[in-house]
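Subject: Structure handover

Hello,

Please find the structure below. My notes on helix packing and charged pairs follow it.

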Amino acid sequence: QVFVRAGDRVAKNQPLVSLNRSELLLDQSAALADVVRYQREADKARAANSIAEMRIDEAQAQQSQARLDLVRYRLDNAVIKSAFDGVVVEGDLRERIASPVKQGDALFKVARIDTLYAEADISERDVKEVLGKSKGEIAFVTQPKTKYPVTLQIVQPAAVTKKDGNVFLVRLKPDSGAPQWWRPGMTGLCKIS
């Protein structure tokens with residue numbers, strides 16, 4: 001069952017998707033039956049004063065209990081929840097309902113929007129001009145006339161190769177916080193004083 005799609009806002013611990021639990025429920029029943037059976041056999045061996053058989057049955061009961069704990073852990077994790085408040089930026093599983101998924105598959109990407117920042121590419125020939133500077137402004141392609149004041153936070157210490165040459169990545173923090181409509185991956189122009 002899929003509860004969200006790309007673009008939806010999600011709250012912390014909100015369910016994103018619920019996986020099919022029918023096989024896990026059967027495994028839980030089988031493991032629980034094994035635990036009870038081995039405990040009864042251990043009790044029966046104890047009553048018959050057969051210590052070796054009692055120890056074997058107790059060990060098998062512990063092994064079945066461990067398997068039961070693992071199945072219950074998987075059952076608890078069959079509903080995938082958001083780890084934090086944010087927005088779903090990737091993943092629409094509505095077409096994949098009832099198809100198998102493997103452990104480690106990326107089903108969704110949820111991005112935090114309360115800690116958004118801007119990242120600018122500064123040419124290596126200009127980076128010496130921004131060192132020690134702290135103010136600037138950004139404008140997005142979608143609203144080029146609206147400027148947002150930013151403060152320079154971090155200049156990455158190593159250059160990155162891009163198609164126009166080497167650049168340094170600079171992290172910028174919006175002075176008045178990020179508006180609700182900002183989303184990860186937006187592009188625009190940055191001017192640093």
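A salt bridge here is a side-chain nitrogen of Lys or Arg within 4 Å of a carboxyl oxygen of Asp or Glu. By that criterion Asp-34, Arg-37, Glu-41 and Arg-67 are linked in a network of salt bridges. The model is predicted, and it holds nine salt bridges.

Asp-34 counts as buried, at 19% relative accessibility, where the cut-off is under 20%. Arg-67 counts as partly exposed, at 37%.

Helix α2 covers residues 51-76. At 1.5 Å a residue, its 26 residues should span 38 Å, and the end C-alpha atoms are 37 Å apart, which agrees. The buried residues of α2 are Met-54, Asp-57, Ala-61, Ser-64, Leu-68, Val-71 and Leu-75. Helix α1 (22-47) is among the elements that cover them. As background, an α-helix has 3.6 residues a turn, so residues three or four places apart point the same way.

Two other salt bridges:

- Lys-135 with Asp-175, closest N and O atoms 3.5 Å apart. Lys-135 lies in strand β7 and Asp-175 in the loop between β10 and β11, so the pair ties together parts that are 40 residues apart in sequence. Lys-135 is partly exposed at 42%, and Asp-175 is partly exposed at 39%.
- Asp-126 with Arg-125, closest N and O atoms 3.4 Å apart. Asp-126 is partly exposed at 34%, while Arg-125 counts as exposed at 60%.

Regards

Methods:
Residues numbered from 1 in each chain as written. Predicted model: local features only at pLDDT ≥ 70, side-chain atom pairs only at ≥ 80, totals over all residues. Heavy atoms only, no water. Helix = DSSP H or I, 4+ residues; strand = E, 2+ residues; numbered from the N terminus. Expected span 1.5 Å × (residues − 1). Buried < 20%, exposed > 50% of the residue type's maximum accessible area, 1.4 Å probe, protein only. Contact = heavy atoms within 4.5 Å.
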